[in-house]
Amino acid sequence: GDLIVDLAGYKVKKAGKEVNLTPTEYKILFALCKYPTKAFTRDELINLIGNDDLDVYDRTIDSHIKNLRQKIEDDTKNPVYILTVHGIRYRFGGD
């Protein structure tokens, strides 16, 4: 599609334009892209982005997913790249 995720260079482009992501959004997106067949639970994503200085809750993940979708999806109501699996897991839907 029109989304390019450069895992090595920590860059994301959508339709040829660089997308600015927060560090947490990068961590979530890169985890989803690195393991595209895996459906991550919120707890698994919390462990990936966890920071000893911050309390991260499961609904925090939902907020980050929402923000990511707004930045990379054409239609946030019908996402193509970040998919919800059974309402509790997320996985990458791109190639």
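Let's start with E2 and strand E3 (residues 17-18): they pair in the antiparallel sense over 2 bridges. Strands here are DSSP runs of at least two residues, helices (H or I) of at least four, numbered from the N terminus. Two strands pair if DSSP finds at least two bridges between them.

Ground rules. This is a predicted model, with local features needing pLDDT of at least 70 and side-chain atom pairs pLDDT 80 or more, while totals for chains, interfaces and linings use all residues. Residues are numbered from 1 along each chain as its sequence is written, and side-chain values use heavy atoms, leaving out hydrogens and water.

Back to E3. Lys17 is the bridge partner of Lys14. The E2-E3 hairpin has 2 residues between its strands. Ala15, in that turn, has a positive phi of about 55°.

Now the other side of the pairing. E1 (residues 3-6) pairs with E2, antiparallel, over 4 bridges. Ile4 stands opposite Lys13. This hairpin has 4 residues between the strands, and Tyr10 in the turn has a positive phi of about 50°.

Which E2 side chains are buried? Val12 and Lys14, on one face. Buried means under 20% relative accessible area, with a 1.4 Å probe and protein chains only.

Last stop: Glu25, in helix H1 (residues 23-34). Why does Glu25 count as buried? Because its relative accessibility is 2%. Its side chain makes a polar contact with the side chain of Lys71, at 2.7 Å. Polar contact means N or O atoms within 3.5 Å, one able to donate a hydrogen, the other to accept it; sequence-adjacent residues count only if both atoms are side-chain atoms.

Key
Buried means under 20% relative accessible area, exposed over 50%, partly exposed in between (1.4 Å probe, protein chains only).
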